[in-house]
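User: Hi, I have a structure to go through and I am new to this. Could you walk me through it step by step?

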Amino acid sequence: MEKPFLKSLCLRVIYRGICRPILKFFVGIQYPDCSFLKDEKQFVIISNHNSHLDTLSLLTAIPSDILWKVRPVAAADYFGNTSLKAKFSNFFINTLLINRRPKKDDVANKNNAMDKMLEAIDEGYSLILFPEGSRGEPEQMSKMKSGIARLLAQRPGLKYVPVFMTGMGTSLPKGGVVPLPYNATLHFDKPTLPDSDDSYAIMEQIEKHYAEMSEKYGIKEDDDDD
Amino acid sequence: MRKFLSYLLPDQSSDVILMISIILISLMVVSGILFAIKKAKPEKNLTEVINRTKSWWMMVTMFVCAIFINNTVAYVCLAILSFFAFRELYSVLHFRQSDRNALLVALLAIPVQFTLAYFRWYGGYIIFIPVIMFLLLPAIMVIKQDTHRITKSMAMLQWSLMLSVFGLSHLAFLLSLPDLEGFSSGGRGLLLFLVFLTEINDVMQFMWGKSLGKHKILPNVSPNKTWEGFIGGAISTTVIGYFIGFLTPLSTPQVIFTSAMIAIFGFCGDVVLSAVKRDKGIKDMSDAIPGHGGIFDRIDSLSFTAPAFFHLIYFLVYPPFQPFDEIWKNLF
């Protein structure tokens with residue numbers, strides 16, 4: 001797969017040049033050192049999802065050299081409901097649009113989402129996936145969908161990179177318009193190879209991984225009794 | 001060096017230039033010693049000290065550029081510092097989701113407060129946060145009608161605003177103090193005196209504590225703080241304050257008293273913020289400054305010394321601005 005010069009440059013300028021400084025200094029997002037991602041040939045970044053800031057902060061955290069081959073998986077009904085919006089998000093966010101809710105009787109499109117992701121993987125792209133599906137309540141994780149496990153099961157050898165973010169939902173919750181400056185943090189864990197090729201086992205592994213990260217980094221609510 | 005600095009900073013008095021030269025030279029000496037130790041004993045682990053010294057270089061450079069090049073820029077930079085500090089504080093304190101609007105309004109208080117300082121309107125500046133914001137923010141919080149733990153949120157919001165915005169804005173108002181006859185350094189001299197002494201107090205307490213510390217002073221708050229560190233630090237700070245008293249319009253006993261006050265209030269700020277961090281189960285407020293932690297980890301003592309120093313100076317040197325001017329004159 002060849003590096004598209006113009007697109008790569010564009011993404012570099014937008015994310016590293018413009019978005020990252022704004023997110024870092026105005027919003028106050030704390031970035032870890034992510035240069036280890038450069039050593040990986042291909043990976044799937046999975047993350048908890050609370051805010052529109054999530055995708056943006058992940059894209060600004062990724063080293064700019066490999067930005068062009070990382071595609072966030074996004075809902076077609078949200079980001080691609082008009083063809084202009086789809087084209088726009090395809091070029092500037094590099095999205096991979098999928099159908100979240102395929103119609104029941106539409107047999108041809110039933111596995112459309114999975115096929116599209118597999119296709120992108122086979123082309124050599126890395127993906128950003130939010131297994132929770134939607135943003136949900138701020139600072140709370142909802143149950144993960146099994147798509148990520150099925151994807152990893154079908155492509156053995158593909159590593160996943162778990163990311164746990166805190167504070168994004170506080171900064172820009174669902175329905176919020178103005179982001180509140182907030183020291184939100186991204187916690188990257190090491191790229192991990194699934195232990196098994198059974199999708200249920202992989203799902204269990206990922207859930208366990210997230211439970212650990214949530215224990216380690218999660219915001220502990222004060223449980224003082226009144 | 002002094003010539004070079006006076007060329008760079010043409011508006012500053014010779015005293016301020018002298019002080020900046022002293023700071024830069026001492027930093028160079030420290031860096032030189034560290035470099036020599038590293039060359040002589042490469043096996044010794046100095047990474048933390050070196051990181052800290054590098055950060056000191058960064059901070060000193062940024063501070064000098066921010067405060068001494070242009071007057072308006074100085075206010076803007078102090079407002080930005082206050083913004084970072086306030087953001088760090090409320091991020092750590094974990095407000096409720098329903099406090100979002102109140103927090104956004106509280107953020108708007110920063111430009112207002114520093115503008116009031118810029119236009120030297122002392123009356124507005126001194127009541128804006130303790131009175132107006134104090135009444136306004138809880139009212140905004142109530143609009144959301146989420147009463148669960150609202151008392152805690154109200155208290156925390158006002159506390160963080162007082163500490164990080166009201167407290168630090170005293171640095172800006174130092175710059176707005178009127179010129180005194182026979183005192184050329186002006187507000188910048190005072191600001192430099194305060195910031196230098198507060199930071200040197202931190203360093204001195206740390207060094208005395210490291211070398212002689214035995215008796216813990218507040219073991220359940222900050223296990224590294226000792227009586228030896230506190231007293232040794234306070235004495236060294238007072239001595240250093242005596243020698244750099246030329247930056248202030250104070251008489252010798254006043255300088256000694258003020259320096260000792262800076263040492264004591266600096267210590268208080270340090271332990272108060274340590275207690276908050278301990279409560280929240282964190283070591284640093286954020287990871288903004290390599291080797292130091294967050295911004296508030298560095299300026300915790302400054303947020304205490306700034307208002308204390310300002311009002312002390314205001315009381316001692318600027319009595320014409322006091323409403324009890326007459327009483328003051330009759331008393332002494």
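Analyst: What follows is a conversation about this structure, one topic at a time.

Analyst: Please keep in mind that this is a predicted model, in which local features need pLDDT of at least 70, side-chain atom pairs count only at pLDDT 80 or more, and totals for chains, interfaces and linings use all residues. Residues are numbered from 1 along each chain as its sequence is written, while chains are lettered from A and ligands numbered from 1 in the order in which they are written.

User: How many helices and strands does chain A have?

Analyst: Chain A has eight helices and six strands, where helices (H or I, at least four residues) and strands (E, at least two) are DSSP runs numbered from the N terminus. Along the sequence their pattern reads α-β-α-β-α-α-β-α-β-α-β-α-β-α.

User: And why does chain A count as compact as a globular protein of that length?

Analyst: Its radius of gyration is 17 Å, close to the 17 Å that the globule rule gives for 226 residues, so chain A is as compact as a globular protein of that length. The radius is taken over C-alpha atoms, and the rule is 2.2 Å times the number of residues to the power 0.38.

User: Which strands pair with strand 4 of chain A?

Analyst: Strand 1 (residues 43–47) of chain A pairs with strand 4 in the parallel sense over three bridges, and strand 2 (residues 70–75) of chain A also pairs with strand 4 in the parallel sense over three bridges; pairing requires that DSSP finds at least two bridges between two strands. A:Leu127 in strand 4 stands opposite A:Val44, and A:Leu127 is also the bridge partner of A:Arg71.

User: Switching to chain B, why does B:Ile262 count as buried?

Analyst: B:Ile262 counts as buried because it has 29 C-beta neighbours inside 10 Å. B:Ile262 lies in helix 10 (residues 252–280) of chain B, and B:Thr305, although 43 residues apart from it in sequence, is 5.6 Å apart in space, C-alpha to C-alpha.

Terms used
Buried ≥ 20, exposed ≤ 12 C-beta atoms within 10 Å, placed from the backbone.
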